[in-house]
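I'm opening my notebook on a new chain today. I want to see how it is put together, then zoom in on a few spots.

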Amino acid sequence: MIPAAEELIAGWAFVARRRGLSGEVDPVAVAEGVALARTCAAGSERDEPAALFFALARHPKAFGDGWRRASETFPAGHAAALGLTLDASPIELADRRIAAYSGRAAFEDVRRWFALRLRPRSP
């Protein structure tokens, strides 16, 4: 299940502190992102990391100066919680993030891209 906005906000405080980022959040944008992610995933657990990535890419102000970090960290952590890992480079993730943000990639495009790169996590 996609984490609640409050869970992401609490997690962001930790990530921001560790990465030297502001820790600033826009709770409304985070809640909108979570709602979009839940709509996109439509109950498909396997699609949740892609949905979270897409939603955070579409809400760049949700986590202040940490748009890139949040859109990578939260989906990767969620994939790990599902027993999966995302096989993608930072450059590939940046390209997908910009494509989603700019509207060049719809959720279905991002979902397919993630589906090709999600692998079972090694024990």
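This is a predicted model: local features need pLDDT of at least 70, side-chain atom pairs count only at pLDDT 80 or more; totals for chains, interfaces and linings use all residues.

Before I start: a helix here means a DSSP run of H or I with at least four residues, numbered from the N terminus. With that in hand, I looked up Arg-112 and found it in helix α6, residues 107-117.

**Entry 1: the overall layout**

I counted up the secondary structure and got six helices and two strands. Reading from the N terminus, the order is α-α-α-α-β-α-α-β.

Next I checked the chain's size. A compact globule of 123 residues would have a radius of gyration near 14 Å, and this chain has 13 Å, so the two agree. Its C-alpha atoms fill a box of roughly 35 × 35 × 30 Å along the principal axes.

I then asked how much of the chain is tucked away: 41% of the 123 residues count as buried. The accessible surface comes to about 6,500 Å², and 54% of that belongs to carbon and sulfur atoms.

I also looked at contacts between residues at least 6 apart in sequence. Of these, 69% join residues at least 24 apart.

For charges, I found 17 positive and 15 negative ones, with mean positions 5 Å apart.

**Entry 2: helix α1**

I listed its buried residues: Ala-5, Leu-8, Trp-12, Val-15 and Ala-16. An α-helix has 3.6 residues a turn, so residues three or four places apart point the same way. The cover over the buried residues of α1 includes α2 (27-41), α3 (48-58) and α4 (67-81).

Just after α1, I noticed that Gly-20 takes a positive phi of about 70 degrees.

**Entry 3: helix α3**

How many of the 11 residues of α3 are buried? I got 10, which makes this helix mostly covered. Among them are Leu-52, Phe-53, Phe-54 and Leu-56, but also Glu-48 and Pro-49.

Which elements do they pack against? My list reads α1, α2, α4, α5 (90-102), α6 and β2 (118-120).

**Entry 4: back to Arg-112**

Is Arg-112 buried or partly exposed? Its relative accessible area is 41%.

Last, I compared Arg-112 with Asp-47: they are 65 residues apart in sequence, and their C-alpha atoms are 9.1 Å apart in space.

Methods
Residues are numbered from 1 along each chain as its sequence is written. Side-chain values use heavy atoms; hydrogens and water are left out. The radius of gyration is taken over C-alpha atoms; the globule rule is 2.2 Å times the number of residues to the power 0.38. Buried means under 20% relative accessible area, exposed over 50%, partly exposed in between (1.4 Å probe, protein chains only). Contact means heavy atoms within 4.5 Å. Accessible areas come from the Shrake-Rupley method with a 1.4 Å probe; for residues, only the protein chains shown count as cover. Lys and Arg count as positive and Asp and Glu as negative; His and the chain ends are not counted. The place of a charge is taken as NZ of Lys, CZ of Arg, CG of Asp or CD of Glu.
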